[in-house]
Amino acid sequence: MKSIRNVLGLHFTTLIMFGLLFPLLIWGIGKLFPQQANGFPIYKSGKLIGFANIGQKFTEDKYFWGRPSAVDYNAASTGGSNFGPTNPAYLDSVEHRINDFLKRNPGIKRVQIPADLVTASGSGIDPDISVQGALVQIPRVARARGLSEDQLKRLVDEHIGKPLFGLFGPERVNVLKLNLALDKLN
Amino acid sequence: MDTDMSGIIFGFLFTVILAVPFGKYISKVFKGEKVWTDFFTPLENLIFKISAIDPNEEMDWKKSMKAMLLLNLIFFIWSFAVLLVQGWIPILNPARIASMEPSLAFHSAVSFVTNTNMQAYSGETSATYFSQMFVFTFLQFVSAGTGIAALALIFKGLTQRQASNLGNFYNLFLKSCTRILLPLAFVVSIILLLNGVPQTFKAQQKTLTLQGDTVRVATGPVASMISIKQLGTNGGGYFGTNSAHPFENPNYLTDMVENFSILFIPIALVFSFGYYLDRKKLAWIFFGIMTLLFITFAAININYETAGNPLITKMGINQSLGNMEGKEVRFGAAASAYWGVSTTSTSNGSVNSMHDSQMPLSGGVYMLDMMINALYGGVGVGFINFFIYIIIAIFISGLMVGRTPEFLGKKIEAKEVKIAALVLLVTPFLVLVPTAIASYAVAKNPNLPWLNNPSFHGFSAMLYQFTSCNANNGSNFAGLGINNYFWNIIGGIVIFIGRFIPIIGPVAIAGMMAEKKYIPESVGTLKAESYTFAFMVLGIIIIVSALNFFPALALGPIAEHLAL
């Protein structure tokens, strides 16, 4: 009987400590950093239009596109394709995306398309594309917006996320931030 | 050197450099010596008082294992009950998520109580904020504390001279939680929070995107869970896509911090062995054996993932990023492969990329890593698994020289070796038999909605699943449809046995060794601090894994690789 009392006591005290007080403590500290603790929300004229790190679906010619998504950028139910590397259905879908991309970006050659633009991300809401992934879209966006390619090249350069401390990790371009800046150009 | 590789190399070295002093700290906590976290003493004493526990009461191995099982039973009953009724709990459920179906609730409860964190549910659609906090975050602390406490019992057993006392399980359990896990979890949570991992009780956020779509974005008390998920080698994500989700792992810094957290305590525990027993050199030898295999595995996978999928290369696109299917741009192929090896070495199981979409041999390495399950390993249990390999290595060495084997001044006799062999054989049994049954079911009924990939890769997914369940890892080939009776129930049973047999067996061995007479080392003793012994242990790890699993691996990842 004593051991039942022991384990029940331990259970409920640790439950309160780790299940309730610890999350509340972090939440309380988060109150001091509302931007961070809410995941960097982005507002436009008072309306919530997204989060800096949550990718959005872009399909129109006038926007830079993000990566293919297995869940169509559904941020309430994320997921990857989970296709194996030799699955014929997977290889078909990549070939299909390459052809689509070529059709909508005339003048681009296959070898210019980086892998990230034709493969589905892990989360389905990857906020980033590679630098090459942005550069290769410049001619299309420039045509759709009537802007010069040089102007867009400069804009992309400004939006390259550098490696951490300049030392660690890959370069990347945040698609939502780039497109927001793009809308400001016009 | 490119920035992808420098991030990995710096990350690993940084982890090891901090793990050495932390190992010393852990050994002091285990021994009850003075440490800077003594300010927890009043709180701990209060908890002991409420629970009527005398933290100095001595327990032998049977008593401490009884305490562990009873405590874990209460954790299970609580969690199972909450998940069954979470939809009816009126608070902390803004998205109005329903209760879990019984087999899913059973699987989820077993999975989190055992530190496995295999998820047949997706956090954002199937777990209320109440469950995320009072079941999952809570269990991520206490299941990790259970594993660490079990290891502390073994350390004590190895230092006893003819005494049965292994320490007090309740005391070790609570102090593992408050003095090892909690301070680290606090620091990591704050770093994550400052980088945009949410900690909020708001409901899903409705956004109107630039293109004019309405998208709901799931959020919640994430930062407090992700820290302990990594530090406690739990691995169960707040969201379905785990650490690939930008709210769990928003940038390369958080990726490095989380990967650090995955490896930190498991590596520190290897060094704590050295400090606790005052055999620091031996701890470095063990660390060396583990690291040799760890780095080999990481090198193989980084190579395959950065090289990219040759079938995609044939399509003529630019493959300089490597195999990007299922990966995130902010981490890149190399850091994703390094993470994969970290998470499968340590029985963590969180993922920052989808293992299902990695190259065949990368997937094979992950499985082998989990089959060994002792390269650093899960918090506490990793070193416990390694202890079994040590016992077998000593036994075989003893046979080779024709002497009764000894380890740390204690004879290893038939009883201990039998237990070690049993523990070692449970793994292939729990992995291969259910995989065979599942394969048979699929072969008989190809319409079963389990596999989303055909052929060799489909077999790999099932083999990976049971390997992960048995290793209490929790990662999987996520394309496998596992939320159904077969996988929930059989998987739950494998997880349960795969947790408790490999804890109880080794603690029993340590308990028996503790009661034996100490024999000083003589000329005939195989010195633990020697190359011969190190090679024996390494050889045993490789031979046992190869004999048990090579045929199965040949049918899955190796066959898929050869067919590329």
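Let's start with one pair of residues: Leu208(B) stands opposite Thr214(B) in strand β2 of chain B. Strands here are DSSP runs of E of at least two residues, helices are runs of H or I of at least four, and both are numbered from the N terminus.

A word on what we are looking at. This is a predicted model, in which local features need pLDDT of at least 70 and side-chain atom pairs count only at pLDDT 80 or more, while totals for chains, interfaces and linings use all residues. Residues are numbered from 1 along each chain as its sequence is written, and chains are lettered from A and ligands numbered from 1 in the order in which they are written. The model scores ipTM 0.96 and pTM 0.96. Chain B averages a pLDDT of 96, and 100% of its residues score at least 70; pLDDT is the predictor's confidence in each residue, from 0 to 100.

Back to our pair. Strand β1 of chain B, residues 205-208, runs antiparallel to β2(B), and four bridges join them. Two strands pair if DSSP finds at least two bridges between them. Together β1(B) and β2(B) make a hairpin with five residues between them, and Gly212(B) in the turn has a positive phi of about 95 degrees.

Lys44(A) has Lys47(A) as its bridge partner. Two residues lie between these strands, and Ser45(A) in the turn has a positive phi of about 40 degrees.

Now to helix α8 of chain B, residues 223-231. Nine of its nine residues are buried, so the helix is largely enclosed by the rest of the structure. Among those buried residues are Met225(B), Ile226(B), Lys229(B) and Leu231(B). What covers them? The cover includes α6, α7 and α9 of chain B, together with α1 of chain A.

Just after α8(B) comes Thr233(B), with a positive phi of about 45 degrees. Thr233(B) is also one of the contacts of Thr346(B), and so are Ile262(B), Pro266(B) and Tyr376(B), leaving aside neighbours within four places in sequence. Contact means that two C-beta atoms, placed from the backbone, lie within 7 Å. Thr346(B) sits in the loop between α12 and α13 of chain B. Thr346(B) counts as buried because it has 31 C-beta neighbours inside 10 Å. From Thr346(B) to Ile265(B) is 81 residues in sequence and 9.7 Å in space, C-alpha to C-alpha.

How do the chains meet? The contact takes 87 residues from chain A and 99 residues from chain B. On the chain A side, α1, α2, β2, α3 and β3 each supply at least two residues. The most comes from α1(A), with 21 residues. By class, that side of chain A has 42 nonpolar, 34 polar and eleven charged residues. Nonpolar covers Ala, Val, Leu, Ile, Met, Phe, Trp, Tyr, Cys and Pro, charged covers Asp, Glu, Lys and Arg, and polar covers the others, Gly among them.

Finally, overall form. Chain A holds seven helices and five strands. Its radius of gyration is 22 Å, while a compact globule of 186 residues would be near 16 Å. That radius is taken over C-alpha atoms, and the globule rule is 2.2 Å times the number of residues to the power 0.38. Chain A is divided into domain 1 (1-38) and domain 2 (44-185), bounds that come from an automatic or database domain assignment. The C-alpha centres of the two lie 40 Å apart. Buried residues make up 45% of chain A.

Chain B has 18 helices and four strands. Its radius of gyration of 23 Å is close to the 24 Å that the rule gives for 564 residues, so chain B is as compact as a globular protein of that length. In chain B, 62% of the residues are buried.

Terms used: A residue is buried if 20 or more other C-beta atoms lie within 10 Å of its own, exposed if 12 or fewer, and partly exposed in between; C-beta atoms are placed from the backbone.
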